[in-house]
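Here are a few exercises to work through with the model open beside you. Try each task before you read its solution.

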Amino acid sequence: MVAGSTYLSVLLYRLYCQTTGKGGQAVLEEAGEKIASMKSIKNRLITVNFNADLNSKMRWNFKPQQPYVRVSPGETALAFYTARNPTSASVTGVATYNVLPFEAGRYFNKIQCFCFEEQQLNPDEEVDLPVFFYLDPEYAEDPRLENVNDIVLSYTFFEAKEGMQLPRPSFM
């Protein structure tokens, strides 16, 4: 059931991007002003642990390049994942993500991410996939996260279905 709901989230996100025209670019534009005025909470250090999974049908190798980074709320960070296609055929994949604990997810903001965008890898091709993110300074003010100093950013890659077309809402 989790794989089905994760796959559905990819479809819903793509639909949102198609109908709004944002396609991930607006996130960078909207974040720019906030990032410029953010104040880092230096007395609070959060460890962001990285996890990489593959759907059972995905044939790639996929892993984080670093096990974790330490970041203060209000501070940006850059991390990388590596994906490799060890097969003799081109494979197109798409990744979804989640943040644990779930309460921390609302404060985890990706500025640039490979998630929800198709990645095509040729036979034996390997790519570095960046994730540029920040924790909103409000993380430090949430009483539910008062003692939460470790979070997990987890990605799961799925093989993209060829020819998949997303329907547009009829009200557009």
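Helices (H or I, at least four residues) and strands (E, at least two) are DSSP runs, numbered from the N terminus. The model is predicted, so local features need pLDDT of at least 70 and side-chain atom pairs pLDDT 80 or more, while totals for chains, interfaces and linings use all residues. Residues count from 1 along each chain as its sequence is written, and side-chain values use heavy atoms, without hydrogens and water.

**Exercise 1.** Find Asp 136 and work out whether it is buried or exposed.

*Solution.* Start with the loop between β8 and β9, where Asp 136 is found. Next, check its relative accessibility: at 8%, Asp 136 counts as buried (under 20% relative accessible area; exposed is over 50%, partly exposed in between; 1.4 Å probe, protein chains only). Finally, look for contacts (heavy atoms within 4.5 Å). Skipping neighbours within four places in sequence, Asp 136 touches Lys 34, Pro 73, Gly 74, Tyr 107 and Asn 109.

**Exercise 2.** Trace the five-strand open sheet and say which strands stand at the edges.

*Solution.* Two strands pair if DSSP finds at least two bridges between them. Follow that pairing and you get the order β3-β1-β9-β5-β7, with mixed pairing. β3 and β7 (119–121) are the edges: each has a single partner strand, so one side of each lacks a neighbour in the sheet. Now zoom in on β1 and β3, which run antiparallel and are joined by four bridges. Here, Asn 49 sits opposite Tyr 68 in β3.
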